[in-house]
Structure formats: C-alpha cells, structure tokens
Amino acid sequence: MGGGSRALSLSSLCATTLAAARAPAPFLAPAHRALLPLRLAAAMSSSSSSQAPAAPAASGDGAAPAPAPSASNAIDFLTLCYRLKTTKRAGWVKRGVQAPESVADHMYRMGVMALVAADLPGVDRDRCVKMAIVHDIAEAIVGDITPSDNVPKEEKSRMEKEALDHMCELLGGGPRAQEIRELWMEYENNASLEAKVVKDFDKIEMILQALEYEKEQERDLEEFFQSTAGKFQTDIGKAWAAEIASRRKPK
C-alpha cells in the first residue's frame, strides 16, 4: 500500500470495515475473510501512531501511575470492536437460524454468567468476567471460524493471535492492552482455573442459546448439545449443562 493509505480517515476505514463485515460469509474462506480486516487494523494503527506522544511521567520519589490509552487510541479500538456487534455467530447462520446472535451477544451473556455464578474455591470471579468479554475479541478481525470451516486448530490460533496483536497495538500498548493479551492467552491455553470455568461458560452459553432457538423456531439443534457432551471441566459447568438438558423437549 502507498503512503496515501495512511491518510485515510478513521471514518473511511470504519466504513470499509463494516462493509467487509456485512459481506455474505459463505462466499469467502475464513483465511480470505481475515486479510482485509487485518490490513485495516494495521492501517488504523499506523494512522494513530502519528499522534502526539503521551506526556512524560512526573519526576519524584513516588511511582508514576500506569498510562491509560489516549482518547484517540481508545476510540479507534472501540470502533473496531463494533464488528463484534455486527458479526453473527457462524454456527447459527450455517444452520439457517433466523436473526442469529452476534459474537458480542455471546460474550456479554458469558460475562453475566461469571457475575452471577456462585463463588468457587480458588477462582477469581472478577477475572472470569474480564476473560469472558475478551475471549472472542479477535473475531472482530478474523470473524467466527467454526470447525466446519476446516481450518486447523494451530492456524486458527495463529490468525487470532495476530489479530489480537493488531488490536493491542491499536489500543496503544500499555497495561490495558497487556491485560487483554494476558487474559486472551490464559483462556486460549486453558491455563488456569478461571480459564476452565470460562471455557465451560462458552459451551453453556451455546447450548442455552440452542435451547432458546429450539423453542422459538421449532428447530432440532441436537448437534450443538452433542458437540459439548462430556467436555465440561468444572462442577458448575456440568450442573448448568444438566439443568439446560432437563428443559429440552423429549425427542
């Protein structure tokens, strides 16, 4: 891209980003869907890099507070996160569900699950809430890649990690971006009790949504229940899954 691309206004970038988000998913392979938004994120990051640097930390004996993202970085980042509200969960789209939920819908209810769940020994509930609203954030760029897309797990992880890095750069780096990166990596690697709980909530939210679509649209979404069977890692996940299963109509 020539130097003129960096002069693109944020509004122009956002308009192009939204147009890409609304493109019919079946006509693009997941890897191809990733390319344009990744370039947009990089361009947005480049356009923000020319802004004035943050003021230097005040001198003195006390440690300076960690810098927060600038207003420009924050709004650029949040504008990109808008795609989470417009990107529909691909599994529902492929099954012909009417008015399917967005990625943001999914993450929001997972956050509420973490908020209302009983206290669990050794589990930081606040960290679970944060992890829930971060775990799919890279889908703002790469979209919702599902097993039926036949993208190898390692490649999916690489694509999402690259997207996450772009988003953290867009936020301006610093402690907020680092926290988002650490939460995402912890979830991705199933590296803590909190990650195990949130991974269970990811499955719980999906089968609860499946139950709701079955009732509202008179569909049989058994495959979504089958895909989670025997995969819950925590007692709360198992208990909530059993409760959801008990509310399905007998086949």
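Trainee: Leaving aside neighbours within four places in sequence, which residues is Glu160 in contact with?
Mentor: This model is predicted. Glu160 is found in helix α8. Set aside the neighbours within four places in sequence, and its contacts are Ala138, Glu139, Val142, Trp184 and Glu188.

Trainee: Is Glu160 buried or exposed?
Mentor: Look at the relative accessible area of Glu160, which is 5%. The cut-off for buried is under 20%. Therefore Glu160 counts as buried.

Trainee: What separates the C-alpha atoms of Glu160 and Ile141?
Mentor: Along the chain, Glu160 and Ile141 are 19 residues apart.

Trainee: Now the largest pocket. Which residues lie nearest its centre?
Mentor: The largest pocket holds about 1200 Å³ of space. Its lining has 33 residues. Nearest the centre are Ile145, Thr146, Pro147, Lys156 and Asp202.

Trainee: Which elements give two or more residues to the lining of the largest pocket?
Mentor: Go through the helices in order. Residues 90–94 form α4, and 153–170 form α8. Then come 174–188, 193–217 and 222–228. The elements asked for are α4, α8, α9, α10 and α11.

Trainee: How many charged residues does the lining of the largest pocket have?
Mentor: Sort the lining by class. There are 8 nonpolar and 10 polar residues. The charged residues number 15.

Trainee: How much space lies in the largest cavity?
Mentor: Rolling a probe the size of a water molecule over the atoms shows where empty space is left. The structure holds 2 cavities of 30 Å³ or more. The space in the largest cavity is about 70 Å³.

Trainee: By class, what is the lining of the largest cavity?
Mentor: The lining includes Ala114, Leu120, Val123, Arg125 and Phe201. Among the elements, α6 and α10 each supply at least two residues. By class, the count is 8 nonpolar, no polar and 2 charged.

Trainee: What do the buried residues of α6 pack against?
Mentor: The helix α6 spans 125–132. Its buried residues include Cys128, which also lines the largest cavity. They pack against α5, α9 and α10.

Trainee: At the start of α6, which residue has a backbone nitrogen that a side-chain oxygen of Asp124 reaches?
Mentor: Start from the side chain of Asp124. One of its oxygens comes to within 3.1 Å of a backbone nitrogen. That nitrogen belongs to Asp126.

Trainee: The side chain of Arg248 makes a polar contact with the side chain of which residue?
Mentor: Arg248 lies in the segment after α12. It is buried, with a relative accessible area of 16%. Its contacts beyond four places in sequence include Leu211, Glu214 and Phe225. The polar contact, at 2.6 Å, is with the side chain of Glu222.

Conventions: Residues are numbered from 1 along each chain as its sequence is written. This is a predicted model: local features need pLDDT of at least 70, side-chain atom pairs count only at pLDDT 80 or more; totals for chains, interfaces and linings use all residues. Side-chain values use heavy atoms; hydrogens and water are left out. On a 1 Å grid over the protein atoms alone, a cavity is a set of points where a 1.4 Å probe fits but cannot get out, and a pocket is an open set with protein on both sides within 12 Å along at least five of seven lines; lining residues have an atom within 4 Å of a point. Grid points are joined across faces, edges and corners, and a volume is the space filled by probe spheres set on the points. Helices (H or I, at least four residues) and strands (E, at least two) are DSSP runs, numbered from the N terminus. Ala, Val, Leu, Ile, Met, Phe, Trp, Tyr, Cys and Pro count as nonpolar, Asp, Glu, Lys and Arg as charged, and the others, Gly among them, as polar. Buried means under 20% relative accessible area, exposed over 50%, partly exposed in between (1.4 Å probe, protein chains only). Contact means heavy atoms within 4.5 Å. A polar contact is a pair of N or O atoms within 3.5 Å; within protein, one must be able to donate a hydrogen and the other to accept it, and residues adjacent in sequence count only if both atoms are side-chain atoms.
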